[in-house]
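Here is a short briefing on charged side-chain pairs. Look over the sequence and structure first.

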Amino acid sequence: MAVKVIIPTPLRAYAGKQESVEVQAATVAEALSAVTSKFADLKKHLFSEDGRLRSFVNVYVNDEDIRYLQNDQTSVKAGDTISIVPSIAGGAC
Amino acid sequence: MSQPRVILRAGALRRIQAHGVETYPYECCGALLGKDGDGSREVIDLLPLQNRRDDSPRNRFEVTSDDVRMAEKAAREKQLELVGWYHSHPDAPARPSEYDRNHAWPWYSYVIVSVHKGVAHDTTCWRLTDDRAAYDPEPIETVEHPTSIQ
């Protein structure tokens, strides 16, 4: 099923400067895997070394945060839009 | 190619410093709205935000994804881009910490103001390297009057 993945501005340089990428996927995990297979440089910014989504990477399916659905096993259907949205964190020490 | 720089309007710099003083001894945070040009970017406006780290606001800040989306919308409404973020380091240097680096995104400019005993000191700007291993300094050029990046 073709779904659209919206790439956030800070990561577009690693995705051929595209705002969105269309991939074939049945779940969020498959969609993200397809995107990072296509654009390998994205992987280190989305996933930590243990292969989990970084804590400050948020994923929405049609405006629903996947943490309130089935996380990366959330099903997607043709025409769905997956958005990768940053959260920002830091601190002095 | 010249080193990337950030053009920061003097009023914006003063507002960042004032925000850091206002929230001292806690960290402040906010969004940088501006225009990204070839080799430099200009910060034209700010969006001060609430630090969402209630548990450790003296040495941590957090901007939620909802706040990020709100900041993106605010930028679009002003026909600007969300080009980065600012935060304060209370009683600590204006240098990115390891925690800053671990949580940083590429491309964004990260402005840090150090606030010692309630008084704003140095203000610096940084950008994460492509390999996430370090931050490159982005020299800040302060201007009193608007400039224009194409």
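**Salt bridges in the predicted model**

At 48% relative accessibility, A:Arg67 is partly exposed. Its salt-bridge partner is A:Asp65, with the closest N and O atoms 2.8 Å apart. This is a predicted model. Over all chains, it holds 14 salt bridges.

**Within chain A**
- A:Asp65, which pairs with A:Arg67, is buried at 9% relative accessibility.
- The cut-off for buried is under 20% relative accessible area, so A:Asp65 at 9% falls in that class.

- A:Asp63 and B:Arg69 form a salt bridge through their side chains, at 3.2 Å from N to O.
- A:Asp63 sits in the loop between strand 3 (57-61) and strand 4 (64-65) of chain A, and B:Arg69 sits in helix 2 (residues 65-77) of chain B, so this pair joins two chains.
- A:Asp63 is exposed, at 56% relative accessibility.
- B:Arg69 is partly exposed, at 26% relative accessibility.

**Within chain B**
- B:Glu98 and B:Arg101 form a salt bridge, with 2.4 Å between the closest N and O atoms.
- Both residues belong to helix 3 (residues 98-103) of chain B; they are three residues apart, so about one helical turn separates them.
- B:Arg101 is buried, with a relative accessibility of 18%.
- B:Glu98 is partly exposed, with a relative accessible area of 47%.
- B:Arg15, B:Asp45 and B:Lys78 are joined into one network by salt bridges that share partners.

Key. Residues numbered from 1 in each chain as written. Chains lettered and ligands numbered in written order. Predicted model: local features only at pLDDT ≥ 70, side-chain atom pairs only at ≥ 80, totals over all residues. Heavy atoms only, no water. Salt bridge = Lys/Arg side-chain N within 4 Å of Asp/Glu carboxyl O. Helix = DSSP H or I, 4+ residues; strand = E, 2+ residues; numbered from the N terminus. Buried < 20%, exposed > 50% of the residue type's maximum accessible area, 1.4 Å probe, protein only.
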